[in-house]
Every structure is written in structure tokens, then in C-alpha cells.
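Trainee: I have a new model to learn. Please walk me through it, with the terms as we go.

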Amino acid sequence: MEVRGRWWNGSWGRMARRDIWLLTDGGLWRVRGRLGGDGGQEVLHDFSDEASARSVVDRMMKTSAGTWRDLTEAVRQEANRRQAH
């Protein structure tokens, strides 16, 4: 699946960190949320349209503490760099 959005709440540590991904394969839109770092608790929500998926992303950010940072471009650049090598 292609990453169309990636956000982090700016907090470190297992109890405070939150991550959100917006993914698509062209037909399905998936929102993946994670509490804690690697190996943390995850939730997945699948949608048939982008607007519904983005609505859930917005709600997740509004209901979680932290200063949310959009990492989408950084993730995209890293993926392009890896493909070039």
C-alpha cells in the first residue's frame, strides 16, 4: 500500500507516543494508528473513500495529546531515496 499521509504527535516513549498512517492501494483507504513505539498497540480502519479516511485521521489527532507533525513528505523522500539505491 502507498503511504498518502504520515503523522506523529511529537512525543517519545511508550505511553505518550502516537503515530498515524493514511494508506491506499487505489481502491481501499486504510487508517493505521499506533499507541507507543515499535510493537505498540495498533488499530486499523478501512474505508472505500479518501474523505472518510481523512475524517478519522483528523478525529484521531484531535482526541490525542501532543503537537502533531506531518511527516508525509519526509517519508516520501526516504522511500524515493531507497528506490534510487
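Mentor: Start with a term: contact means heavy atoms within 4.5 Å. This is a predicted model, where local features need pLDDT of at least 70, side-chain atom pairs count only at pLDDT 80 or more, and totals for chains, interfaces and linings use all residues. Residues are numbered from 1 along each chain as its sequence is written, and side-chain values use heavy atoms, with hydrogens and water left out.

Trainee: Which pattern does the protein follow along the sequence?

Mentor: Helices (H or I, at least four residues) and strands (E, at least two) are DSSP runs, numbered from the N terminus. The protein has two helices and five strands. Read in sequence order, they give β-β-β-β-α-β-α.

Trainee: Why does the protein count as being as compact as a globular protein of its length?

Mentor: The radius of gyration is taken over C-alpha atoms, and the globule rule is 2.2 Å times the number of residues to the power 0.38. For 85 residues the rule gives 12 Å. The protein is close to that, so it is as compact as a globular protein of that length, with a radius of gyration of 13 Å.

Trainee: Is asparagine 9 buried or exposed?

Mentor: Buried means under 20% relative accessible area, exposed over 50%, and partly exposed in between (1.4 Å probe, protein chains only). Asparagine 9 sits in the loop between strand S1 (2-8) and strand S2 (18-24). Its relative accessible area is 2%, so asparagine 9 is buried.

Trainee: Which backbone oxygen does the side chain of asparagine 9 reach?

Mentor: A polar contact is a pair of N or O atoms within 3.5 Å; within protein, one must be able to donate a hydrogen and the other to accept it, and residues adjacent in sequence count only if both atoms are side-chain atoms. The side chain of asparagine 9 reaches the backbone nitrogen of serine 11 at 3.2 Å. At 2.8 Å it reaches the backbone oxygen of alanine 16.

Trainee: Why does arginine 34 count as buried?

Mentor: Arginine 34 lies in strand S3 (residues 29-35). Not counting residues up to four places away in sequence, arginine 34 touches several residues, among them Asp19, Trp21 and Glu42. Arginine 34 counts as buried because its relative accessibility is 10%.

Trainee: How far from a polar atom of the arginine 34 side chain is the backbone oxygen of glycine 37?

Mentor: Two glycines matter here. The backbone oxygen of glycine 36 lies 3.5 Å from a polar atom of that arginine 34 side chain. For the backbone oxygen of glycine 37, the distance is 3.4 Å.

Trainee: Is alanine 51 buried or exposed?

Mentor: Alanine 51 belongs to helix H1 (residues 50-62). Its C-alpha atom is 25 Å from that of arginine 17, 34 residues apart along the chain. With a relative accessible area of 58%, alanine 51 is exposed.

Trainee: What separates the C-alpha atoms of glycine 27 and phenylalanine 47?

Mentor: Glycine 27 is in the loop between S2 and S3. Not counting residues up to four places away in sequence, glycine 27 touches Phe47 and Ser48. Glycine 27 and phenylalanine 47 are 20 residues apart along the chain, and their C-alpha atoms are separated by 8.9 Å.
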